[in-house]
Amino acid sequence: MINLSELDNNQKTSLANSAFLKSCRGESTDHKPIWLMRQAGRYQKEFQNIRKKVSLLELCKRPDLVSEVTLLPVQQLNVDAAIIFADILLPLDAMGAGLSYVEGKGPVIENAVSSLADMANLKTIEPNDLNYVMDAIKLTRQNLKADIPLIGFAGAPFTLVSYLVEGGSTRDFKKTKLFMYKQSDVFHALMETISEFTWRYLNEQINAGVQAIQLFDSWVGCLSPSDYKQFVLPYSKKIFDNVKKSTTSISHIPAIHFATSSYGLLELMREAGGDVFGVDWRAPIDNAWQKIGHDRAIQGNLDPHVLFADKKMILEKTKEILRATKDKHGHIFNLGHGVLPATSVDNVKYLVEIVHDLGGNK
Ligand code: 1CP
């Protein structure tokens, strides 16, 4: 097992000069970098074959399989970064919330939280309760091409609390919002506990060898700007502040701040922190970038459904994004949300190819 500090200087330099990390820093690159959220998953037959043998939770706890799955998209698609295969809900499993993934339904939390007493039943966790993630990072860094950065990640407190309170996925976030308004003290206490854990968890991932981190606040776009400011911003800010503080000695590890439906929140998300902002397709990427400010990098924002269309449409929609980000440094191409399960691998490969061929100057 190696640690980042054990990477030799050549490798550190080639990683630092990768198109992905240069773009995170807003520097010019020889080609436009691209990686895809959920780039390892159900749409790949190799992944399906592994999932026939093990459950998602078992897979996440097997560093050998995690490493194999994480490398798949790098080998198959030629993307510019790998993201460690894990799930944002793993800390809830360690907390004893009774996490399972049910076929056709998604994540289910058996011990959902609706009171202070429910919260008190959750275990206090430490990053080393998820040591299997750190072991997987160390192994993957060893197996990954020397010039491909590895991204670590965590779920943001609001998004994790939404799963804890709803007991699974939701469309309207009704329970979460009522909990936030009616039991604000318990809500704040949960946000505090999760944010304290999260910055330490991300720092452990950095120590284990990732070159960038992404905070997924996937569902925070359901909130008004005022509620974001009051109930979320201080906690996300604490995470970015603390990750930053402890990484300056290693060399700067860029932090990506991602949410969907976030157009109305972008200025506040910037205030919370992050070097790169992940945006979805609900707003034109140049408008979103304008709101964030061009002194920060941007990531996105193709609608994942476009990958179900024919190549002509994929090309047209991709060119729109390339045109809107042309002549500026600091754009990392990505989807606006994860790759959908039935996506054609061929179309994903095509997307990576055209971004590499046309990105930057067309
Ligand atoms: O059976 C399966 O294979 C289940 C599908 C699956 C996968 C492939 C789940 C269940 N999690 C994962 C892995 C995963 N989750 C990754 C892997 C790394 C990569 O990108 O390649 C990542 C980054 C996540 C992050 C994640 N999990 C998010 C944030 C991103 C997003 O989609 O907004 C969220 C919200 C989750 C929760 C979750 N886990 C799994 C599912 C199906 C969901 C979403 C359910 C919902 O809509 O609420």
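Visitor: How far is an oxygen atom of the ligand from an N or O atom in the side chain of Arg42?

Guide: This is a predicted model, in which local features need pLDDT of at least 70 and side-chain atom pairs count only at pLDDT 80 or more, while totals for chains, interfaces and linings use all residues. Residues are numbered from 1 along each chain as its sequence is written, and side-chain values use heavy atoms, without hydrogens and water. Between the side chain of Arg42 and the ligand oxygen, the distance is 3.0 Å.

Visitor: Which residue has a polar side-chain atom 2.4 Å from an oxygen atom of the ligand?

Guide: Ser169 places a polar side-chain atom 2.5 Å from a ligand oxygen. The 2.4 Å distance belongs to a polar side-chain atom of Arg51.

Visitor: How many residues of the shell around the ligand are charged?

Guide: The ligand has 24 residues around it (a heavy atom within 4 Å). Asp, Glu, Lys and Arg count as charged; Ala, Val, Leu, Ile, Met, Phe, Trp, Tyr, Cys and Pro as nonpolar; the others, Gly among them, as polar. The shell holds 16 nonpolar and 4 polar residues, and the charged ones number 4.

Visitor: In the hairpin of E2 and E3, which residue takes a positive phi?

Guide: Strands are DSSP runs (E, at least two residues), numbered from the N terminus, and two of them pair if DSSP finds at least two bridges. E2 (residues 99-102) and E3 (residues 106-109) pair in the antiparallel sense over 4 bridges. With 3 residues between the strands, the hairpin has a positive phi near 80° at Gly104.

Note on methods: Polar contact = N/O pair within 3.5 Å; in protein donor to acceptor, adjacent residues only side chain to side chain.
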